[in-house]
Amino acid sequence: MDSDLFSRRRAERFAQLLDEANGGRRRHARSRADDQLAALVAVGQRLRTEVPAVEVDPDFRTGLRAMLLATAEREGIGAPAAAEPAAQRSTTATTGRGSLLPAVTARRARARGAILVGIAAGAIAVSGISAASENAVPGDALYGMKRSTERAQLALTSSDISRGQLFLDFARTRLGEAAALRGDQTGFSAVLDDMDADTRQGVRLLNSAAVQRSDPAALDAVNSFLTGQRRSVNALLDDATRAERDRARRSLALLDAIRERSDALRAAIACGLPAPAGSDALGPAPAACPPGR
């Protein structure tokens, strides 16, 4: 399937779901993308009802406005349509600016406009939410918003490498939350479970990208993450209960397994092995290089 067409359809469906969530008439059947977009729509709804009282930096507001105007001009949002043959005029729709657009084009223009407005509102509100919820931990009122914002970031990211790096950033965030939850065995363990899940997701995406491109650059991001993350997980062992130490050591074992996989993939790329056929939770599982290569 054409990726541009797929992205455009997802964007248009997102605009439709936003409209329906805000009280608009339901006119469209469900699509396979609805479940994937549900988290992003939920964020949009929360942004309407739980706007944080945080002042937006004027430079950020100015830069965002310039970006949106440039995007609107590039996409032709609000621009009058070219003259149409008389036979096609019956299918045109009048926009709020008085210009006539073909019905399909009008719908797409509205969808693009809704997306731009959503991006603008989201970018401004998310900047405030980040300031208000960055220190939230499980059990805090803003923690759900914090996790929804993370899901929205993933939904707006198309590159596997960018998504992989985002997952590793989330794993670092979960580690900070675990440090704040020491003494709460249930919460501590649950957050480390989420951290390990984010770690596996990010590593799998980055390892797969390295193999597909035969380029170890993505592995550098994995190794950089491992260095800092292992040091911070080790710090959790200080003044920890026995149960907390046991749980933290399981995360350390995962980091050790990731290091071994990263080294093996780097060696396989260096000796020119074909892309591995096998894969697991950490991504491609390479064979050893033949002797002498």
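1. A residue is called buried when its relative accessible area is under 20%. In this predicted model, the helix α8 (217–235) has buried residues at A218, L219, V222, N223, F225, L226, Q229 and V233.

2. What lies over these positions? The cover of the buried residues of α8 includes α6 (160–180), α7 and α9. An α-helix has 3.6 residues a turn, so residues three or four places apart point the same way.

3. The length of α8 agrees with expectation: its 19 residues should span 27 Å at 1.5 Å a residue, and its end C-alpha atoms are 28 Å apart.

4. The largest nonpolar core has 29 residues, and V233, L236, L255 and I258 have the most contacts inside it. At least two residues of this core come from each of α6, α7, α8 and α9. The largest share, 8 residues, is supplied by α7.

5. Which residues does L255 touch, apart from its neighbours within four places in sequence? L255 is in contact with T199, F225, L226, Q229, R230 and V233. Of the residues buried in α8, F225, L226, Q229 and V233 are among them.

6. A second, separate core has 9 residues, including L17, V41, V43 and A152.

7. Most residues other than glycine have a negative phi. S214, in the loop between α7 (185–213) and α8, is not a glycine and has a positive phi of about 50 degrees. D239, in the loop between α8 and α9 (242–270), is not a glycine either, and its phi is positive at about 55 degrees.

8. Are S214 and D239 buried or exposed? S214 counts as exposed because its relative accessibility is 55%. D239 is exposed too, with a relative accessible area of 82%.

How values were computed: Residues numbered from 1 in each chain as written. Predicted model: local features only at pLDDT ≥ 70, side-chain atom pairs only at ≥ 80, totals over all residues. Heavy atoms only, no water. Helix = DSSP H or I, 4+ residues; strand = E, 2+ residues; numbered from the N terminus. Buried < 20%, exposed > 50% of the residue type's maximum accessible area, 1.4 Å probe, protein only. Expected span 1.5 Å × (residues − 1). Contact = heavy atoms within 4.5 Å. Core = buried A, V, L, I, M, F, W, Y, C linked by side-chain atoms within 4.5 Å.
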